[in-house]
Amino acid sequence: METDTVQQASATRTPWSAGGGWTTRGWLGAGSGAVLVLLLVLTAGGGWVLAHATDVNKRLTDRWSPALIASVRMESALINQETGIRGYGMTGKREFLEPYQDGVAQERAAARELARLTEGDERATADLTRVREDSERWQTTTARPVSEAAEPTASARQRTESGKSAFDTLRASLTEQQNHIEAERDRARDDLGAARTLRNTVFTAIACVVLALIALAFAGLRRGVQLPLDRLRTDVRQVADGRFGHTITSSGPADLRALARDVDGMRRRLSGELEFTDRARARLDEQATELRRSNEELEQFAYVASHDLQEPLRKVASFCQLLERRYADQLDDRAKQYISFAVDGANRMQTLIGDLLDFSRVGRLHAEDTDVSTEAVLRRTTNSLGMVIEESGAVITHDPLPVVHGDPTQLGVLLQNLISNAIKFRTPGEVPRIHLGAREQEDFADGAEGAGPRWEFAVSDNGIGIGPEYAERIFVIFQRLHTRDTYPGNGIGLALCKKIVEYHGGTIALDTGHTPGTRFVFSLPSARQEASATGSVS
C-alpha cells in the first residue's frame, strides 16, 4: 500500500518539480532555455554587426572607390579629346583625331559606369550631370567645329580662347566631382573602421558572455549536482561497507533529495531485514543443534532397532518353530498354519526393519566421496546376484560405462535394486533381458543442485512393465503394485533408489514411453578426473 502511494505521488509530479522544489531536469531545462535565449540575442546582434560591416565595406569597395576610378578615367578621356583637338587644330593632320575619337568612346563608357555607381545619390548625380553638360558645351563650341572644319587650323585659332574657357570649366566640374567622390569614399572608409571596431567589440563581448555562461554552468552543475551526488555516493558507500545505521542525508535538487530519501528508506528496510535474518539465523542455528541432537538420538534408535528389536523377533520365530517341532503330533493343521503365520510375520518384520535401516543410512553411513567405475560396480552387482541371474537365465548387457563421482557402496545398492526388480518382474515364459545404457548429458541446469557435467543412465528390461499412472507412486516408500503372494518384497527398493540418486544430486524417473517392459532413467555426476571404462557382462 505504501509503495502504491509513493508510485501514485511520483506519477502526479511534473518533470520539472518533485515534491519540495525544482528537479535537476527542471534546473537544466530553465538554464538551457535562458542560455538559448541569450545566445539567440547575441547571435542576432552579431549578425547585425556583420551585415552592417558588410554593407559599409560594399559601399566602399563596390561603389565609391570604383566611382572615383571611373571619374579619373572620364577625366583622362576628356584630356585625350582636348589633346587630340588641339593637335589637329595646330597641324591639320587627321591622325590627331584618333585620340579624340577614342576619348569620346572612353568618356561615354566612364559616364555610363559613373551613372550606375552613383545611382540614388543626388549630389553625385548632379555632379555627373554638370560634367556631362560642360563636356557637351565644350564639344559643341570647340571640339566638333574644329574636327569638322575644312580649315581646322583657322577654326582652332578662332576658338582658342572660348575653347580654353569651356575646357577649364569642364576641368573644374571634374575636380569638384572627384572631390565629392573622395569625400564619400573617405566617409565610407571611416564608417568601415567604426564597423570593424564595433564588430570586434561585439564579438569580444559575445566570447566573454559565452565563457561566463560556461563558467556559470560548470559552477552550477558542480554545486547543484556533483557535490550532492558526491555526498550521496559517500553515504551509500558507507552503507555498502556495512554501516547500515548510517543515515543518508539529502541535498541538492528535488529529485536528488528524493533519491537520497528512497535510498535511505531502502537502507532502513535492509537493516530491518538483516536484523530479521540474524534472528532467523540464530533460530536456525538452534534448530540445527536440535536437529543434530535428534539425529544422534535417531542413530541410537536405529542401533537399538537393529539389535534389541530384532532379538525378540528372532526369539518369537525360534520358539514358534520349536513349539511346532516338539508338539507336532498334538497340533492340527489349523495350529500349524497359525504358527507358520507367526514365523512369517516375525521374519518379515526383521526384513522390514533391515530395509528401514538401509533407507535411513543413505547419506549418513558409508558416505565415501570418490571417482567410481560404474563397470566395476556393475560387475560386483552381477556377482552378488549370480544365483538369481543363473536361475532366471537373465541376460545383462551394457554400453561402454563411464567413471562417475559418488559413493561406490550406495551405487552398488542402486544397481542391485534396479536389476533385481527387472529380474523379479519378468514376463513369465520369457528370458529376462536387461540393458544398462549410458550417455553424457549435453545440457544441464546451471545453478541447480549438483549442476555440472553429468551422465545419464538407463536400465531397460522386457518385463511386465509399469503403467504410466503409477510413475510417481512407485518411488514412495512401502507403495506396492502387487500382493506379497505374487511378488515378494516390502515396497522400499525404488524409494531407496530415488534417495540414493538424489543424494548424488541427480534425478530418477520412469520412462513411460518405453514398451514392452520397463525403463528407469537416472543421472549421476561425472568423475572429477575424467576416465572411461568399457566392456560387457552377460
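These legends describe close-up views of a predicted model.

**View 1. Confidence along the chain.** The protein chain averages a pLDDT of 79, and 82% of the residues score at least 70. Residues 5-16 have a pLDDT below 50, with 11 contacts beyond near neighbours in sequence. Residues 530-538 also stay under 50, and there the model has 20 contacts beyond four places in sequence. Where pLDDT is low, predicted coordinates should not be read in detail.

**View 2. The largest nonpolar core.** This core has 35 residues. L414, L418, F457 and F522 touch the most other members. Helices α9, α11 and α12 are among the elements that each supply at least two residues, as are strands β3, β4, β5, β6 and β7. The largest share, 7 residues, comes from α11. A second, separate core holds 31 residues, including W64, A70, L117 and L170.

**View 3. The surroundings of F457.** Leaving aside neighbours within four places in sequence, F457 is in contact with several residues, including T374, L401, P402 and V404. Its contacts also include L436, G437 and A438, as well as F520, V521, F522 and L524.

**View 4. Helix α4, from end to end.** Helix α4 covers residues 122-148. Its 27 residues reach 36 Å from first C-alpha to last, close to the expected 39 Å. A kink of about 50° is centred on Q139. At the start of α4, a side-chain oxygen of D121 reaches to within 3.2 Å of the backbone nitrogen of R123.

**View 5. The buried residues of α4.** Among the buried residues are L128, V131, W138 and Q139. The buried residues of α4 pack against α2, α3, α5 and α6.

Methods: Residues are numbered from 1 along each chain as its sequence is written. This is a predicted model: local features need pLDDT of at least 70, side-chain atom pairs count only at pLDDT 80 or more; totals for chains, interfaces and linings use all residues. Side-chain values use heavy atoms; hydrogens and water are left out. pLDDT is the predictor's confidence in each residue, from 0 to 100. Contact means heavy atoms within 4.5 Å. A nonpolar core is a set of buried Ala, Val, Leu, Ile, Met, Phe, Trp, Tyr and Cys residues joined through side-chain atoms within 4.5 Å. Buried means under 20% relative accessible area, exposed over 50%, partly exposed in between (1.4 Å probe, protein chains only). Helices (H or I, at least four residues) and strands (E, at least two) are DSSP runs, numbered from the N terminus. The expected span of a helix is 1.5 Å times one less than its number of residues. The bend at a residue is the angle between axes fitted to the seven residues ending there and the seven starting there. A polar contact is a pair of N or O atoms within 3.5 Å; within protein, one must be able to donate a hydrogen and the other to accept it, and residues adjacent in sequence count only if both atoms are side-chain atoms.
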